[in-house]
Amino acid sequence: MSNLKTKHIVVGVSGGIAAYKIPELIRLLRKSGAEVKVTMTRNALNFVTELTLRTLSNNDVYSDVFAAINHHATEHISLPNWADLMVVAPASADVLGKMANGIADDALTTTFLATRKPVVIAPAMNDNMYRSEATQQAIQILSSRPNITMLDCAEGELACGTVGKGRMQEVQDILYAIEKALTPKTMLGQHVLITAGPTKERLDPVRYLSNDSSGKMGYALARACYNRGAIVTLISGPTALPSPIGCETIRVSSAEQMYQMVMSRQDEQNMIILCAAVADFTPTKQSASKIKKIPNQTLFSLELQTTPDIAAAVGANRREEQTLVGFALETNDAETNALHKLQNKGLDWIVLNSLENKGAGFELDTNMVTLFSNKGDRIDLPLATKEEIAEGIIDNLLRH
Ligand code: PMT
């Protein structure tokens, strides 16, 4: 989460059972490099203690407008000035109503009213309260303000025992929304297609050929583009990752399916990034039933045929103004092989990650890459998280 490094975030906590998740949000914000200060309503103190939030944020908590602990009497002004962003989570029906109507009668709502910075709001309440006219009107009023990102409530089991819409979004998704709100919209309206993950080439109903790609690198690229305002289509092989919020995610399995899907969506794209680890070979035949082991058999042969080369096909069908980016995963002669792929596949850029470098490649949370352009540029991005590498790749593609 590189764009949260050194950012100042004010976390506003109101009274709802989902407040128990806020210590984790604060922990993740600080892990991402942000500095955090907390303001909370008096009701929130019934769900999470001031001590917990003070300890995790490493800052005083502002919950009482008139408390002697306040450094001066105007925390509700100094906090918004200090902040790059305010997040209100959970936002109760009561607090939504107050924020929509300019009521400022406690530490959180006075801070909100004085805030001119981006604000992310994550409502949470009982489903009847959520569906009430008053709450819906408040949500509508707040959503129409240009500095506010209003998150939808999630559906599921609620603390009151019913099932409905009223759950607070997951903490990780609130973090993604904060990240997006703080990212300049340098790709606004651009169409970007990204492939990610492995492919599975079936031998029979229970066996397949595949590889160790987790999808982490491609999904991080999808989020980086979405945060910049791009319209993202993510074509993903089988992964365990949740679909990134805001991206159209199309799940495929085989190289052939990925090829068909990419080709059908190529024309509308401004940029295509081929990060998937696509199988180069697939069985010539797929058995309809499980292939049985024959007694005393010690050798078994498989006949394979090549799969369509998606990158090469995209390169051959390209519109001149499209930016085409491939990845190269190498184990030896890395640079030579990567440059060869850049030329052969008709790409503008190739991103080399070599398994010779510790911390780079499949499954890990980190990567280390070198970008080569067909104009002779070379950019080295040192070992960093895949999120940071994705930011670095996109920033460099936009800069050149
Ligand atoms: O998913 P992770 O666990 O986070 O790992 C990320 C990654 C290592 C998979 C990723 O960073 C990466 O390197 N992806 C490309 C892996 C690969 O297949 O490289 P390659 O050198 O075999 O292929 C070169 C390029 O051709 C790639 O852009 C690939 O998508 C493309 N290709 C390959 C074969 C094929 N039939 N069609 C293709 O389009």
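In which strand is L304 placed? L304 sits in strand β16, which covers residues 304-306. Helices (H or I, at least four residues) and strands (E, at least two) are DSSP runs, numbered from the N terminus. The model is predicted: local features need pLDDT of at least 70, side-chain atom pairs count only at pLDDT 80 or more, and totals for chains, interfaces and linings use all residues. Residues are numbered from 1 along each chain as its sequence is written, and side-chain values use heavy atoms, without hydrogens and water.

L304 is partly exposed, with a relative accessible area of 38%. Here buried means under 20% relative accessible area, exposed over 50%, and partly exposed in between (1.4 Å probe, protein chains only). L304 also belongs to a nonpolar surface patch of about 390 Å², together with F281, F300 and L302. Patches are made of residues with over 30% relative accessible area and no salt bridge; like charges are joined within 9 Å, and nonpolar side chains (Val, Leu, Ile, Met, Phe, Trp, Tyr) within 5 Å. A salt bridge is a side-chain nitrogen of Lys or Arg within 4 Å of a carboxyl oxygen of Asp or Glu. Areas come from the Shrake-Rupley method with a 1.4 Å probe; for residues, only the protein chains shown count as cover.

The ligand is surrounded by 29 residues (a heavy atom within 4 Å). The closest are S213, S214, K341, N353 and E363. For L274 the distance is 2.7 Å. For M217 it is 2.9 Å, and for F327 it is 3.0 Å. Taken alone, the ligand exposes 780 Å², and the protein buries 96% of that.

S214 lies in the loop between β11 (207-209) and α9 (216-227). S214 is buried, at 18% relative accessible area. A polar atom of the S214 side chain lies 3.2 Å from the backbone nitrogen of K216.

Most residues other than glycine have a negative phi, and most peptide bonds are trans. The bond from A89 to P90 is cis, with omega near -10°. P90 is in strand β4 (residues 85-91). T6 has a positive phi, near 65°. N296 has a positive phi near 70°. N296 is exposed, with a relative accessible area of 78%.

Note on methods: Polar contact = N/O pair within 3.5 Å; in protein donor to acceptor, adjacent residues only side chain to side chain.
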